[in-house]
Amino acid sequence: MPMQAEEIEALILAAIPDASVEIRDLRGDGDHYAARVVAESFRGLPLVKQHKLVYEALDGRIGGALHALQLSTAAPTGNE
Amino acid sequence: MSDTATRIDKLLRANDVVLFMKGSALFPQCGFSSRAVSILDHLSVAFEAVDVLQDPEIRQGIKEHSDWPTVPQLYVKGEFVGGSDIMLEMFEAGELQKLLEDKEVARAL
C-alpha cells in the first residue's frame, strides 16, 4: 500500500525534530521515494547510525508500506 | 544461537566480503541490489553474493543480525558496512576503497 510523501516527512520530523527533510517520488507511484534528511543531531554519527535513526522513525514501514526509500543523510554543512 | 544465526555467522567467517542481495550477482532482482553489485564490480572486489530471495530464513535473519530493515547489505570481514545508499556515498567519497584496503581485502583476478 503506497504512502504519501507528506506522511513520510511527518514521521521523520516527529522522530527527528531538527531535521530538514526533502522527499522525491522517484516514479510517481507513491511507492519509490528518495529522501534527503539533514539534521544537526546527526553530527558526529556514522552514516549507518544516521540511516538507522531514519528507519526507526519510519517504524517498520520500510519493506512493508514503503517498498523503497533511497536515503541520503548528513549534518548541516552551511551550504544547504 | 538459532540455526539461521549460525548459518549467517558461518557465511561471514568464510568470506571477506559478503553481499546479501535480491537475485544473483549476474541477475539482480532489484535496483538497489543491482547498484550494490555494480559498485563492487567497479572496485574489482571478490565477494560472496547471497540471494535472500532463495532463502527466506536468511532474508529475515540478516535483518535481525544487522538491525537493518532492507536488503542489500554489505559486510566486510564480518562487519556490517551499510546498504546501497551508504555504499554509493562511501564509494563516491573514496571511503569504500579505503575501507577495503585497510581491511586488506583481496581483489578479484
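Is the crossing of helix 1 of chain A and helix 2 of chain A left-handed or right-handed? It is right-handed. A crossing is right-handed if the near helix is turned clockwise from the far one by less than a right angle, and left-handed if anticlockwise.

This is a predicted model: local features need pLDDT of at least 70, side-chain atom pairs count only at pLDDT 80 or more, and totals for chains, interfaces and linings use all residues. Residues are numbered from 1 along each chain as its sequence is written, and chains are lettered from A and ligands numbered from 1 in the order in which they are written.

Start with the two helices. Helix 1 covers residues 5-15 of chain A, and helix 2 covers residues 47-57 of chain A. Helices are DSSP runs of H or I with at least four residues; strands are runs of E with at least two, and both are numbered from the N terminus. The two helices pack at about 115°, with axes 8 Å apart. Axes are lines fitted to C-alpha atoms, for helices over the stretch in contact, and angles run from 0 to 180 degrees between N-to-C directions. So helix 1 of chain A is roughly perpendicular to helix 2 of chain A (65 to 115 degrees).

Now turn to the hairpin. Strand 1 (residues 19-25) and strand 2 (residues 32-39) of chain A run antiparallel, joined by seven bridges. Strands pair if DSSP finds at least two bridges between them. A:Glu22 has A:Arg36 in strand 2 of chain A as its bridge partner. Six residues lie between the two strands, and A:Gly28 in the turn has a positive phi of about 70°.

Notes. Parallel < 35°, antiparallel > 145°, perpendicular 65-115°, else oblique.
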